[in-house]
Amino acid sequence: MLRNFYNKFTNLNTFTKYYLRLNNHEKKYQKQFLKYLSTNPKAYIVDSVFPQENEFVQSSIYDENFLIPKCRIEEYIWDNIQNWQEKTAMVCGITGRNYNYAKLRDYSAATAIRLQQKFNLKSGDVVGICLPNIPEFPICCFGAIEADLIVTTVNPIYTAHEISKQILDSQAKVMFCTVEKYSVLEEAVKLSEQNIPIICIKTDKNDILPRNSIDFFELMDTKGIDFSSLQKPIRDHHETVTLPYSSGTTGLPKGVMLSHTNLISNCEMLKVNTGKGTIVLPTTDSYQDVLPCVLPFFHIYGFTVTLMSKLNQGCKMVTLPGFRPDTFLNALAEHKGSVLNLVPPIIIFLTNFEGVQNKHTQSIRNIFSGAAPLAQSDAEMFLKKVPHVDFVQGYGLTETSPVVLFQSVGSTNYASIGAPCPKTQAKIVSIDDPTFTALGANQCGELLVRGPQTMKGYHNNEKATKETLVENGWLRTGDISYYDENGQFYITDRLKELIKVKGFQVPPAELEALLRSHNEIADAAVVGKSHPIDGERPVGFVVLKKNSTLNEENIKKFVAEKVAAYKKIDEIIFLEAIPKNPTGKIIRKDLKAKYCS
């Protein structure tokens, strides 16, 4: 009976809704239902089984009836497309170029077929996407995924030097970029000494396709395409599908292996009703939530929380290739943005910028803040200016797809980063405790988390994986935290060495290696210094070689030519020696205490 009952449903969401309607006096049917789901490969991942630990491990209060679809991303994204085929999916906030859901789906499928046929790519090969937020981003990304490829996203403001490192480490076989970025990609490919085709997207009618590039619009063209020729994927939902780069708690950038299930589970977590409601309202014939997308899709926050999650829910996304006050505010006013995924510097901008008017904010219903902590005072100042908005703060990492903690919609505890997501656990442990034993309420220590959104590991880096993923599935975040009697978590400091600039990671080791590569620099160290707008900015400490004539401006220029703008060193301090412990590790806390307090 249960099998026949399941087969009546055409998509995963309808199936879920039926299960949630089972009421208390139908518990026996719920048990049958869950038993069937656990053995049916088409259905759901029913539970995350965690080993028993002490009472101080904090679990989610939203776990009841939470199910994770057991499918691949391309199935998940287009699951309910029949309900909103003609609605706008992506629109450029600058040019107005747009695609409805039906077109977006067809172009993605056509791109998948041509990636397989034109480039002879095989299942598990890697493609690099080096794009700003443009309407074609999801076509490239989900087309590649449907072709059973792995996507590595690349920051488009990176230099050729930075991009070449990611090409080499990920072993990308094809690269996507805009016409504007082509020369940098071409140089990066040369530096990597790889023979990689570059697919170019014209974002302006006056763009001229570079001589040796491949026209993206020919790749996605559906004319003459045989959709049945797509080779079906041979890798399942447990396999790696994206390879974003993160520095983890220390060191140089590492490829984070995220599976279909990692990302899908996180999208489902963001749909949970936390009491006052959900972040996104259902898309209907007469309503569609609108998200001005200023946070980059190449970053895990923009990729999962904005792009992937909201395509699954039929939202309209207004792409902005970068943050500029005029284009951001125009998008808010013209498209009536209702849900915003932001970082603290943009929230502070909305609070303080004189040009922000009622027409820009009147349609906003929810704001989700992440990537870096927002002070309670900053949240309160914003809400004093825009009191009708529900503010939600969350916490996550690239290694957790990203969200592991978030506040309930309507919460007024703005200092907190919230409680664990569904099927997620969190605990606080003493620093350097080899047993990772959970501490009680109001005790500070390192935050550890685990759940179905936790990465598989770091690409080609077993050592870093073992240092981050520890016994029983726990992931070390490198952040110092505590939770209160109500199970709400708070970040107090950073154990990890990363510098956070406008929500982006800046690994000190990367800048230190670059500084030491200069033939007049003997040694170097880099730490973060607090900044009222950017969160932090890098400060460099340099020991010069004998007879060097370098000055601060020389060094800052040397670094700026080789790194993205947000990694530029803000200040150089000259020292006789870099403080180090007996094993040779830089004592950054001493430098911060003495020079950056």
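In which strand is the place of S259? Select S259 and you land in strand β13, residues 254-259. Before going on, a word on what you're looking at: this is a predicted model, where local features need pLDDT of at least 70, side-chain atom pairs count only at pLDDT 80 or more, and totals for chains, interfaces and linings use all residues. Residues are numbered from 1 along each chain as its sequence is written, and side-chain values use heavy atoms, with hydrogens and water left out. Helices (H or I, at least four residues) and strands (E, at least two) are DSSP runs, numbered from the N terminus.

Stay on S259 and colour by accessibility: its relative accessible area is 4%, so S259 is buried (buried means under 20% relative accessible area, exposed over 50%, partly exposed in between, with a 1.4 Å probe and protein chains only). Now show what touches S259. Setting aside neighbours within four places in sequence, you'll find H237, H238, E239, T240, V241 and K456 in contact with S259 (contact means heavy atoms within 4.5 Å).

Next, pick out β4, β5, β14 and β15. These make an open sheet of four strands in the order β5-β4-β15-β14, with mixed pairing (two strands pair if DSSP finds at least two bridges between them). β5 (98-100) and β14 (290-293) are at the edges with a single partner strand each, so one side of each has no neighbour in the sheet. On average, neighbouring strands here are turned by 10 degrees against each other, direction ignored (axes are lines fitted to C-alpha atoms, for helices over the stretch in contact, and angles run from 0 to 180 degrees between N-to-C directions). Zoom in on β4 (residues 88-92) and β15 (residues 316-319): they run parallel, joined by three bridges. Click M90 and its bridge partner in β15 turns out to be M317.

Which helix packs on this sheet? Helix α11 (residues 300-312) does, touching β4, β14 and β15, and its direction makes about 150 degrees with that of β15. Of the 13 residues in α11, 13 are buried.

The axes of α6 and α11 come within 12 Å and cross at roughly 80 degrees, so the two helices are roughly perpendicular (under 35 degrees counts as roughly parallel, over 145 as roughly antiparallel, 65 to 115 as roughly perpendicular and the rest as oblique). Show side chains: F137, P138, C141 and F142 of α6 meet F303, L307, M308 and L311 of α11. By class, that contact has eight nonpolar, no polar and no charged residues (Ala, Val, Leu, Ile, Met, Phe, Trp, Tyr, Cys and Pro count as nonpolar, Asp, Glu, Lys and Arg as charged, and the others, Gly among them, as polar).

Now jump to β28 (residues 521-531) and β29 (residues 535-544), which run antiparallel and are joined by ten bridges. The two form a hairpin with three residues between them. Select G528 to find its bridge partner in β29, P538.
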